[in-house]
Amino acid sequence: MIKIIPLLLIPTFLVNCAYATSIFNSDVENLILTMKAPTPIIADLKELTDEIGGRLTGTQANKKSVNWALKKFHEAGISAKKESFTMPRAWVEKDISAKVFNSRINFSPRIVAMPFTNKTHYQGLTAKVVNLNKGTELDFSEINTDNYLKNQWLLIETEILNDKSGIDGLFQEYLNAVAIEERALAAKAAGVVYMSSRKNNLLYRHLPSSGVDNKLPIIVMERESAQRTQRLLYSGKTLKLTAKINIFGEKPYEAHNVVAEITGDTYPEEIVLIGAHIDSFDLGTGALDNGANVSLVIDLARQIKKLDITPKRTIRFVLFNGEEQGMYGSWGYTQRHIDELDNHVLASTIDIGTGAITGFFINGREEIKNTIDEVLVPVNALGPFSHKIDPIVGKDNYDFMIQGVANLVANQANANYASNYHAQSDTFEKVDQNQLKLNSAIMGATIFGIANIDDIPWKRQTSDEVVKMVDKFDLEASMKALGLQQSWKENKRGINH
């Protein structure tokens, strides 16, 4: 614990500095001051993003990042280890190219493949391009007469995703893809070509609606080239597209989470978890998603240890892997620790870039709201904070939520998260360094506060309660958008229901 030093023994020049002031505060107030002061959090993020870079699970860069994080915990004197889990299918894009052409037109747009798109023949997949506008049910029904879309590339127009459209626009993009990809499969199309939803030739990728089971070739074409293709089709031109897609890997493989903890001194068997995902997609360097918050989790553990403050409950710091490809690391964690989930008081994650924390998604657990408000009191000046009851699907809270464990996801101002989401532009200079520090103070107050409450006014939900929660908030629609619905329906993932 913090040793109290008599005021007369403190040099006068120290009295006005943050450190000297902090020693007279409670543990949580001291932690908040420390997290707001200079720490290695930004230096860590530079190392992770600039030296290691993009960290797609299964790549050497991802393995390097796991070892890097493990070393950071150990250097801070914190107990930490790697925990293995199984990724169901290896997938890394080695190289990819495209050509749009007819007898008079020939240009080569930049493209990327959506995850779990299979490789093509070495000569590529060539088919006629059909403009499907926005891919609505009406668009398909009007064009697909006499099986016209069979074996054709379907060009889908998208809405521009920017910081104004934010997280809501991003989620709508996922929802739209569900119906589009189902219709494309039913039409036996050769594949889907999404017009990039970002301007200035920016490319990105995210999980297709069928997840690891994706059988449909799906690519994203730079917006300006896709618009050029669309204009040519509107003018009556007939065009073909050849896409050459070279993919590494198909088999399941082993990946690792990083799990560290500081043991509590009063209720050591009870666990308060804070997590972020260490993997990223490979186009940028994964600074906003989610390197910044990996650095936050590491730094929070480091500063608690450095301050020699001991929580009443065990705080577990987890860097999940495999999040981008279906949240397999957090699923693996809940399976490995299935026998101690009853002792998980709370599982929290932070994964929406470096926008200001405005409160939390409390994910259907109304009973935890008042307690969260109480532990946020020391950082109220960084608010205001309000909480959303509706559950969020698509973050590493998911498997804890459907296992009945009380869970939080930091709700954040969009800032520049959506416009750089999974894109080449997700790099270090996009990070709001000052806000990252403030967010670390907020998360510190929340996690350390929950760890020190004597009486927790909630417990793990039963299977019946989880099912009711899923039904009440119609979570299966969100599950479907992320390829999660089938595993829930088949009782393969989540509490036994």
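Does P38 count as buried or exposed? P38 counts as exposed, because its relative accessibility is 85%, where exposed means over 50% relative accessible area, buried under 20%, and partly exposed in between, with a 1.4 Å probe and protein chains only. P38 sits in the loop that runs between α3 (27-36) and α4 (41-52), and although 268 residues separate P38 from K306 in sequence, their C-alpha atoms are 14 Å apart in space.

Before I go on, please keep in mind that this is a predicted model, in which local features need pLDDT of at least 70 and side-chain atom pairs count only at pLDDT 80 or more, while totals for chains, interfaces and linings use all residues. Residues are numbered from 1 along each chain as its sequence is written, and side-chain values use heavy atoms, with hydrogens and water left out.

As for confidence, the chain has an average pLDDT of 93, and 95% of the residues score at least 70, pLDDT being the predictor's confidence in each residue on a scale from 0 to 100. Residues 1-24, however, have a pLDDT below 50, and this stretch makes 25 contacts in the model beyond near neighbours in sequence, a contact being heavy atoms within 4.5 Å.

Turning to the fold, the chain contains 16 helices and 15 strands, which are DSSP runs numbered from the N terminus, helices being H or I of at least four residues and strands E of at least two. Of the 497 residues, 59% count as buried, and among contacts with a separation of 6 or more, 83% come from residues 24 or more positions apart.

The peptide bond from D289 to N290 is cis, with omega near 10°, and N290 belongs to helix α9 (residues 287-307). A cis peptide bond also joins G383 and P384, with omega about 10°, and P384 is in the loop between α11 (369-375) and α12 (398-401).

F116, which is not a glycine, has a positive phi of about 70°; F116 lies in the loop between β4 (111-113) and β5 (125-131), and is buried, with a relative accessible area of 1%. N363 likewise has a positive phi, near 55°, in the loop between β14 (357-361) and α11, and N363 counts as buried because its relative accessibility is 1%.
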